[in-house]
Amino acid sequence: MTMTAVAELLAHSLSPDPAIRHDAEQQLVSLAADFQNYMAMLCQELSNEQGRPEVRTAAGIALKNALTAKDEVTRAGLYDRWLAIDGVFRAQIKQTLLQTLSSATVRAGGAAAQAIAAVAEIELPNGQWDQLFSYLKTNMSSPDSNTRECTLQAIGYVCETLNPKLLASQADGILTVVVKGAQKDEPNARVRIAALTALNHSLEFIEANFEREGDRNYIMMVVCEAATAPDANIQEKAFECLCNIVQIYYSKMQLYMQEALYGLTLQNMASENTNVALQAMEFWSTVCEEESSILQQNQSLSESDKLPFFGFAKSIASQLTPHLLFLMTKKEEDDDEDEWNVPMAAATCLSLLASVIETDILSLVVPWVENHINSTDWHYREAAVMAFGSILDGPDPNNLTTLLDHPQVKDTTAWALGRICEVLTLQSIKPDHLRALVAALIDGLAEPSKVATNCAWCILNLAEFASDDLDVMQTYKLSEYFQHLITALLQSVDASRPTGRDANARATVYEAIANLVGTCAKDCFPIVTELAAEMVKRLQATIEMQSQLVNADDRSSLQELQGNLCSVLTSVVRRMGKLSLSFTDQIMLTVLHLLSGASRSSTVIEDAFMVVSAIAGAADQDFNRYMPEFHPHLKAALQNPQESQLSNISVGVVGDVSRALTELFREYTDDYMNLLALNLQSPLLDQNVKPTILSTFGDIAIALSGDFSAYVQQVMLIINEVVAKTTMMSQTEEQYEYANVMREGILEAYVGIVHGLGPTPAALAPHLGAMFSFMESIVLDPNHYDTSDIVMAGLAGDVAEAFPPGQLKALYSAPWIEKLLQSLKASFQRFPNSKAQEAMRWLRNGLRKQKAVGTI
């Protein structure tokens with residue numbers, strides 16, 4: 001293909017016409033089959049100084065996308081493909097990319113910077129391209145501002161992309177370059193912005209520099225100077241840096257707060273530039289979040305281990321609060337509710353400040369609320385309500401209960417009431433307040449969408465923590481209002497049809513109904529039964545409408561409504577348990593009808609499956625009568641691994657059904673075991689579904705009991721493959737997190753298998769070595785979850801109990817077993833809990849049994 005044709009394809013890939021764009025993208029995918037030639041063509045177009053800027057940019061982005069991807073499996077394949085290319089050819093590509101940083105077209109240089117980061121992400125961890133930073137450092141001596149800007153962009157992308165540990169050895173060189181670009185004597189504003197962005201992305205690996213006072217002072221001076229620059233874009237980037245600095249290096253900030261940051265941030269919160277004002281407030285939001293986190297962590301630490309805490313938020317609260325309250329008055333009638341703005345940022349910052357200084361916030365805010373709650377200026381009335389609602393997370397609830405007696409605060413808006421109900425429990429609200437509150441909420445549900453939504457949200461919060469023990473709750477404070485609330489909520493939904501109430505408002509109302517049902521007392525069950533019949537009736541009506549809709553937006557809206565109705569039915573069945581079985585036949589028939597008419601990609605399948613899961617939990621083995629009709633739908637969903645949310649829910653339903661049917665599940669086991677195994681191996685499956693599949697193997701094992709022996713070999717081979725892959729995931733924090741989740745899934749599978757095999761563990765014996773090696777690897781990893789210790793102790797105790805005394809002596813004599821016990825003991829001393837104590841006791845019993853005589 002000629003370069004002219006490639007350029008046209010790239011241009012068409014940017015077309016606003018979906019058909020033209022899709023066709024071009026498909027042709028580019030076809031060209032990528034000859035990877036080396038494809039990369040050469042893209043590189044040639046990117047570096048073509050006579051090419052159109054937008055086409056050159058598209059070439060750079062396509063080149064980057066050929067090297068990296070979000071999905072881990074896909075990304076690994078792209079890495080291997082690049083590394084398989086001849087080293088000389090790769091060097092040519094890299095040289096061209098580096099030279100393009102000096103392009104006269106900044107957009108092309110910026111695209112090259114992204115591609116350079118993609119190459120660096122592959123090669124630097126493999127000990128290649130060592131000369132990259134030397135080249136970039138040399139570029140910074142160029143008199144050409146485009147070269148300096150794009151070079152700093154490349155450094156920023158590399159710092160953002162790579163594991164900070166890999167860049168720590170380059171910290172001095174990188175820091176020298178980016179700080180030089182950020183200095184006030186740099187004449188080009190775009191260069192300074194690129195430098196500050198790169199500095200922001202490098203903060204995690206320059207810890208050694210922040211430890212050195214001279215380096216730290218210089219960095220802070222440059223950033224603070226940038227925060228006072230005449231260019232607002234430079235200021236914004238400087239404050240972004242300061243937010244990250246105070247989060248990462250809080251312990252080093254005491255001097256800088258007093259000398260510069262207090263005044264600098266307060267002054268710029270009043271900036272005429274919205275973005276600068278937002279970042280100045282974000283600085284104090286970050287400080288409050290950090291201090292709140294430190295206070296929480298210090299509660300569980302000894303005096304000598306406590307983290308440094310300076311109380312920056314409290315020391316500035318009396319100055320900061322008036323600024324925030326004033327900025328909350330800046331709301332305008334035409335503000336987009338979904339767009340982050342100054343009043344929202346101020347309210348958020350005030351809320352975070354309250355969470356740190358707690359009851360002290362009341363004296364700073366309540367007088368202002370009292371002065372402005374009845375203001376003739378709606379801006380101040382709105383701000384007063386918002387301010388009161390924003391501080392409720394901080395003070396002691398007892399102080400807030402007293403405040404409700406205030407005649408002005410009692411009559412605030414639905415949002416403030418919702419915030420109150422979010423903080424106060426139902427039990428703490430006085431009867432007369434509750435009566436007035438319910439009456440106001442019922443009236444408010446008839447109002448336009450925004451008010452009705454907030455009233456529904458208030459009801460949702462009111463019901464959230466109605467009781468700690470639903471099993472024994474015969475009646476509760478909302479029993480006398482329950483029918484009225486349900487009726488008002490349903491009427492609010494019905495009112496949405498003629499008035500065009502938005503889908504979000506409708507969803508919130510249905511969520512409130514579901515929450516109200518899910519936490520109600522038993523004396524409300526007759527009303528809940530009637531509600532279930534109404535929900536079934538409404539769901540049936542939506543199914544009849546499906547064939548009449550041709551517009552995609554209408555179909556989407558209908559699916560959302562069906563999902564809302566399913567969520568209420570799920571809540572009904574879960575709350576009433578076996579008492580719901582008198583009407584679950586009708587629910588199940590309707591849900592099966594819904595599933596039969598849904599497309600493979602319909603989101604309503606997920607909601608329908610949640611209803612089925614609840615019914616399985618209530619019906620136990622009686623659920624088997626639904627299986628002939630439901631089984632094909634569940635199989636079809638499991639054959640659709642690219643739909644991650646549906647896959648996760650479907651796998652969970654397999655576990656729920658197996659637990660319900662127990663030995664009756666045997667009839668379906670082959671189908672589900674094969675589908676689960678195929679999904680684990682599918683490159684289309686979201687990796688977050690894999691732990692659920694592993695734990696589901698355990699559920700099936702428990703359901704089948706001794707009959708699971710036939711599947712032990714298959715499952716253990718699968719687990720061994722997963723263990724091998726999980727062991728390799730140890731580079732980034734995200735991979736560590738995922739590896740720990742996978743470990744928990746594997747452990748749950750092991751636990752289920754051991755329990756399932758019960759008194760016939762012979763099939764397990766050949767796999768005990770691998771099982772115990774896996775547990776040893778977790779115990780020896782300092783980054784593993786503490787919760788895994790409890791599971792492993794229980795598992796090791798179960799295995800010991802399953803086999804004759806002394807038969808596993810060698811396994812239980814391994815040093816890691818004692819290390820596990822020590823870890824559990826230390827954890828119990830920090831956070832005493834019965835689970836850890838029971839796990840230690842169970843494992844010690846197993847040790848005594850197996851270390852008696854004999855070996856395996």
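Biologist: Leaving aside its neighbours within four places in sequence, which residues is Ala 616 in contact with?

Modeller: The model is a predicted one. Ala 616 has its place in helix 31, and at 0% relative accessibility Ala 616 counts as buried. Once the neighbours within four places in sequence are left aside, the residues in contact with Ala 616 are Phe 623, Asp 656, Val 657 and Ala 660.

Biologist: How many salt bridges does a search of the whole structure find?

Modeller: Side chains of opposite charge can pair when their charged atoms come close. The criterion here is a side-chain nitrogen of Lys or Arg within 4 Å of a carboxyl oxygen of Asp or Glu. A search of the whole structure on that basis gives a total of 22.

Biologist: Glu 382 and Lys 331 meet in a salt bridge; how many residues apart in sequence are the parts that the pair ties together?

Modeller: The side chains of Glu 382 and Lys 331 meet at 3.2 Å, N to O. Glu 382 lies in helix 21 (residues 378-390), whereas Lys 331 belongs to the loop between helix 18 (312-327) and helix 19 (342-357), so the pair links parts whose separation in sequence is 51 residues.

Biologist: In which helix do Arg 538 and Glu 534 both lie?

Modeller: Arg 538 forms a salt bridge with Glu 534, with the closest N and O atoms 2.7 Å apart. Arg 538 counts as buried at 13% relative accessibility, while Glu 534 is partly exposed at 25%. The two residues are 4 apart, about one turn of the helix, and both lie in helix 28 (residues 525-545).

Biologist: How many residues apart in sequence are the parts tied together by Lys 578 and Asp 620?

Modeller: A salt bridge joins the side chains of Lys 578 and Asp 620 (2.8 Å, N to O). Lys 578 is in the loop between helix 29 (552-576) and helix 30 (584-596), and Asp 620 is in the loop between helix 31 (604-619) and helix 32 (627-638), so the parts tied together are separated in sequence by 42 residues.

Biologist: Are helix 34 and helix 35 roughly parallel or roughly antiparallel to each other?

Modeller: Helix 34 (residues 669-681) and helix 35 (residues 690-704) pack with their axes 10 Å apart, at an angle of about 160°. Angles over 145 degrees count as roughly antiparallel. The relation of helix 34 to helix 35 is therefore roughly antiparallel.

Biologist: How many nonpolar residues are in the contact of helix 34 with helix 35?

Modeller: Among the residues that meet are Met 673, Leu 676 and Leu 680 in helix 34, and Ile 693, Phe 697 and Ile 700 in helix 35. The contact also holds 3 polar residues and 1 charged residue, and the nonpolar residues number 9.

Biologist: Does helix 18 pass helix 20 in a left-handed or a right-handed crossing?

Modeller: Helix 18 and helix 20 (residues 360-372) pack at an angle of about 25°, their axes being 10 Å apart. That angle makes helix 18 roughly parallel to helix 20. The crossing of helix 18 past helix 20 is right-handed.

Notes:
Residues numbered from 1 in each chain as written. Predicted model: local features only at pLDDT ≥ 70, side-chain atom pairs only at ≥ 80, totals over all residues. Heavy atoms only, no water. Buried < 20%, exposed > 50% of the residue type's maximum accessible area, 1.4 Å probe, protein only. Axes fitted to C-alpha atoms, helices over the stretch in contact; angles between N-to-C directions. Parallel < 35°, antiparallel > 145°, perpendicular 65-115°, else oblique. Contact = heavy atoms within 4.5 Å. Nonpolar A, V, L, I, M, F, W, Y, C, P; charged D, E, K, R; others polar. Left-handed = near helix turned anticlockwise from the far one by under 90°.
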